[in-house]
Amino acid sequence: MKKLSSSEFARLDERTRLVLAGRDPEDSYGFVNPPIVRGSTVVYPNTEDFLVRKARYTYGTDGSPTLDALVAAANSIEKGAGVVVTPSGLLACTLALLAAASSGDHVLVTDSVYRPTRNFCDTFLRRMGVEVTYYDPLVGSDIAKLFKPNTKLVWTEAPGSQTFEMQDIPAIVEAAHEHGVLVAMDNTWATPLFFDSHRFGVDLSVQAGTKYYAAHSDVLIGTISARTPELYKQLNAAWHQLGMMVAPEDAFLTLRGMRTMAIRLKEQMPAGLAMAEWLRERPEVARVLHPALPGSPGHDIWKRDFTGASSLFTIELKPVSMKAVGAMLDGLTLFGIGASWGGYESLVLPFDCRAYRTVTTPNFKGPTVRIHIGLENLEDLKADLDAGFARLRAAS
Ligand SMILES: Cc1ncc(COP(=O)(O)O)c(C=O)c1O
């Protein structure tokens with residue numbers, strides 16, 4: 001295989017880049033894939049080289065060929081200044097906050113944020129002396145009214161992974177950058193394939209790689225991409241200082257997942273939308289929250305800024321007891337009841353966000369269920385839900 005120059009590589013389509021990135025047969029004994037390199041200690045040829053750490057890899061916590069291959073793949077679609085990899089998606093969120101905020105700083109966090117990220121802000125960040133204010137996810141350019149002299153960062157998540165409020169990222173970025181404030185985004189739902197966060201000015205782009213990157217529900221991993229070299233330096237320093245190493249097997253499995261990511265999402269986006277449309281017509285369903293579905297809240301922003309959608313959305317059922325919801329969900333044979341998403345399998349998750357939201361209380365009249373559409377046949381999935389709705393009616 002002839003090696004491409006970096007400019008030739010950059011000109012390739014994202015799908016091709018995901019297939020090629022991080023592969024160098026010369027480094028892999030001729031094999032297609034990079035090797036899984038396990039290791040703590042690196043040995044040096046002599047004292048002089050050791051003293052100045054003259055080696056491609058210097059110690060296990062400084063990186064490895066397997067990790068570098070994954071970083072190359074993530075970089076190829078994030079298109080920022082550099083990526084660091086973390087042992088979970090949650091750690092990608094918390095490391096981004098730790099790297100950016102210092103004691104005395106103020107951070108603004110969307111009220112629709114992933115709940116464990118909120119938990120970190122309420123505990124660890126506050127303990128560090130960082131002031132945290134939650135804001136209405138639909139705030140748009142009015143975010144500027146919430147800035148204080150010590151505001152350092154705005155945390156966004158578009159859409160919120162349970163309630164699906166679609167944030168106006170360009171408006172938030174414009175206001176933030178005018179005031180010298182950084183913007184971080186949890187971009188797990190759209191992935192860099194469907195929302196080019198750095199092009200929209202997002203400074204720190206977070207991905208729970210556990211979801212559509214790894215995609216087989218067998219790995220926890222996260223990535224953070226920095227928009228500028230200065231931010232990457234800061235982020236990478238924090239990553240090093242914390243000793244945040246990822247097991248090479250997990251890096252390898254994630255990279256393997258990423259090879260097929262574009263093609264999986266190409267299947268999962270229309271499947272998710274078709275299911276959302278089907279559910280919208282069901283008499284038991286009051287509302288479907290899926291930003292890529294015409295008529296759904298946030299659709300106009302999605303259409304303006306996003307190039308695609310993943311297969312995660314929420315339905316609000318018409319008012320019914322939780323016993324009836326349990327009857328529906330417990331009997332499902334294809335959908336598992338479980339947290340996470342982005343894997344090859346379909347999942348459902350009942351939730352009630354009213355318990356922890358502090359700024360905006362979503363106006364749900366009936367129970368809410370989040371749905372992830374995997375790679376099963378859509379008609380089989382509809383039949384499973386159809387039987388579930390029959391149980392819901394019978395138990396109502
Ligand atoms: C939006 C979002 N961000 C981050 C995470 C954290 O990812 P992980 O499960 O890898 O810690 C999740 C997990 O569900 C999520 O939904």
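Helices H4 and H10 cross in a left-handed way, meaning the near helix is turned anticlockwise from the far one by less than a right angle (clockwise would be right-handed). This is a predicted model, where local features need pLDDT of at least 70, side-chain atom pairs count only at pLDDT 80 or more, and totals for chains, interfaces and linings use all residues. Residues are numbered from 1 along each chain as its sequence is written, and side-chain values use heavy atoms, with hydrogens and water left out.

**The H4/H10 pair**

- H4 covers residues 65-78 and H10 covers 248-259; helices (H or I, at least four residues) and strands (E, at least two) are DSSP runs, numbered from the N terminus.
- Their axes come within 8 Å and cross at roughly 35°, with axes being lines fitted to C-alpha atoms (for helices over the stretch in contact) and angles running from 0 to 180 degrees between N-to-C directions.
- On the H4 side, the residues in contact (heavy atoms within 4.5 Å) include Leu67, Leu70 and Ile77, and among their H10 counterparts are Phe252, Leu255 and Met258.
- Ala, Val, Leu, Ile, Met, Phe, Trp, Tyr, Cys and Pro count as nonpolar, Asp, Glu, Lys and Arg as charged, and the others, Gly among them, as polar.

**Around the ligand**

- The ligand has 13 residues around it, and Gly89, Leu90, Asp186, Thr210 and Lys211 are the closest; a residue counts if one of its heavy atoms lies within 4 Å.
- Sorted by class, that shell holds six nonpolar, four polar and three charged residues.
- Ligand oxygen atoms pair up with polar side-chain atoms of Thr210 at 2.5 Å, Lys211 at 2.8 Å and Trp341 at 2.9 Å.
- On its own the ligand would expose 380 Å², and the protein buries 92% of that (Shrake-Rupley method, 1.4 Å probe).

- Check out Ala158 and Pro159, which are joined by a cis peptide bond with omega about -10°. Pro159 sits in the loop between strand S4 (151-157) and helix H7 (169-178).
- Arg53 isn't a glycine, yet its phi is positive, near 50°. You'll find Arg53 in the loop linking helix H3 (47-51) to H4.

How values were computed. A polar contact is a pair of N or O atoms within 3.5 Å; within protein, one must be able to donate a hydrogen and the other to accept it, and residues adjacent in sequence count only if both atoms are side-chain atoms.
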